[in-house]
Amino acid sequence: MFADYKVVPFSGLPNYSPTEMENRSNEFLKLMQGRRTIRDFSSKPVARGIIENAVRSAGLAPSGANRQPWHFVIVSNPVLKRKIREAAEAEEQEFYAGKAGEQWLKDLSSLGTDSNKPFLEIAPYLIVVFQQNYDVDQETGEKIKHYYIQESVGLASGFLITALHNAGLGTLTHTPSPMGFLRDILGRPKHEKPVMIIVAGHPAEDASVPEEAMNKKDLNVITSWFE
C-alpha cells in the first residue's frame, strides 16, 4: 500500500488523557457553535499570513489517492473583485427572477438574500475553490487521473472554513450558478471547475444574522448509533 513512500512510525497525536480529550472536544464544539455565515463584512484589512495558514490547513485534508485535486485562488485585488461581483450578480439576477424555482426561493426568503452581493467587493479576501478534474504532468503533458474529487474538495473546503473561523474571521460560502465566469476571470485551465467562493474577513460592526438559522438539527436526528 505504501510502496512509493518511506514508512515511519505515526506520532501525529498528543497523548491526551481521557479527561483532556473530552475537555478539548467540548471546547472545540463551543468554538464551532459560534460559527455563523455572515453577509455583512468590514473592509478592515486581514494579514495575508492568516489566509496563507488557513489555505495550508485546507491543503492537509485527506484526498483520494492523495491526489489533492484542488486549487485555491485568493483574490484581494479590487479590480478583480469588481469583475467577480458584476459577473456573479448577473447570474444571481436570473436566479432570483425565477431560475431557482418557487420552492427554492421560498426556502431562501427567511434569510433575506437577493441578487445584490456587495460583500464580494467589501470583504478583504475572496478565496475561490476549484476542483481539478484531472491534473497535467508538466513534463509530458499527460493527464493524471484524480479520484473522489468532489469528496476531497468538500473536505478541504470544510478545513478551510474551520481554519478561518478559528482565526476569528467571518465567512460566507457563495455559489452563483453557473460559475464558469470565475475560471475565465481568474485564468484557470479548462480541467478546473469552480466550486465556490469563500468570502473571508471581519464582520461589519452592524452585522446581523437571522435568528432562525441557528436552529440546527439535534444530534438524535443527524446520527444513528449501533453499539
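Predicted model: local features only at pLDDT ≥ 70, side-chain atom pairs only at ≥ 80, totals over all residues.
Let me start in helix H1, residues 18–33, with glutamate 27 and lysine 30. These two are three residues apart in that helix, so about one helical turn separates them. They form a salt bridge, and the closest N and O atoms are 3.7 Å apart.

Now the overall layout. The protein has eight helices and six strands. Reading from the N terminus, the elements run α-α-β-α-α-α-β-β-β-α-β-α-β-α. The C-alpha trace spans about 55 × 50 × 40 Å along its principal axes. There are 227 residues in the protein, and 33% of them count as buried.

There is one record to mention. The UniProt annotation, from an unreviewed entry, reads "domain: Nitroreductase" and covers residues 33–202. In the model, that span is 41% helix and 21% strand, and its end C-alpha atoms lie 18 Å apart.

Back to charges. How many salt bridges does the structure hold? The structure holds eight salt bridges. As background, side chains of opposite charge can pair when their charged atoms come close.

Several of the charged residues can be taken as a group. Arg82, Arg85, Glu86, Glu89 and Glu121 are linked in a network of salt bridges. Please find arginine 82 in helix H3. Arginine 82 forms a salt bridge with glutamate 86, where the closest N and O atoms are 3.7 Å apart. The two residues are four apart in helix H3, so about one helical turn lies between them. Both are partly exposed: arginine 82 has a relative accessible area of 38%, and glutamate 86 has one of 45%.

Is arginine 85 buried or exposed? Arginine 85 is buried, because its relative accessible area is 15% and the cut-off for buried is under 20%. Glutamate 121, at 23%, is partly exposed.

Helix H3 also matters for the next topic, the largest pocket. About 700 Å³ of space lies in the largest pocket. Which elements give two or more residues to its lining? They are helix H3 (78–99), helix H4 (102–108) and E5. H3 provides the largest share of that lining, with four residues. In total 28 residues line the pocket, and those nearest its centre are Arg39, Leu108, Leu111, Thr113 and Thr173.

Next, the backbone. Where is the cis peptide bond that I want to show? It runs from serine 177 to proline 178, with omega near -5°. Proline 178 sits in the loop between strand E5 (170–174) and helix H7 (180–186).

Alanine 65 has a positive phi of about 55°, although it is not a glycine. Asparagine 66 is in the loop between H2 and E1 as well. Its phi is near 55°, which is again a positive value in a residue other than glycine. As for accessibility, alanine 65 counts as exposed at 55%, while asparagine 66 is partly exposed at 41%.

Last, the surface. Which residues make the nonpolar surface patch of about 490 Å²? The patch is made by Leu219, Val221, Ile222 and Trp225. Leucine 219 is in helix H8, residues 219–222. Leucine 219 is exposed, with a relative accessible area of 56%.

Note on methods
Residues numbered from 1 in each chain as written. Heavy atoms only, no water. UniProt positions renumbered as here; feature names shortened; annotations may be inferred. Buried < 20%, exposed > 50% of the residue type's maximum accessible area, 1.4 Å probe, protein only. Patch = residues over 30% accessible without salt bridge, like charges linked within 9 Å, V, L, I, M, F, W, Y side chains within 5 Å. Areas by Shrake-Rupley, 256 points an atom, 1.4 Å probe, with all protein chains shown as cover. Salt bridge = Lys/Arg side-chain N within 4 Å of Asp/Glu carboxyl O. 1 Å grid on protein atoms, 1.4 Å probe; cavity = no way out; pocket = protein on both sides within 12 Å on 5 of 7 lines; lining within 4 Å. Points joined across faces, edges and corners; volume = space filled by probe spheres on them.
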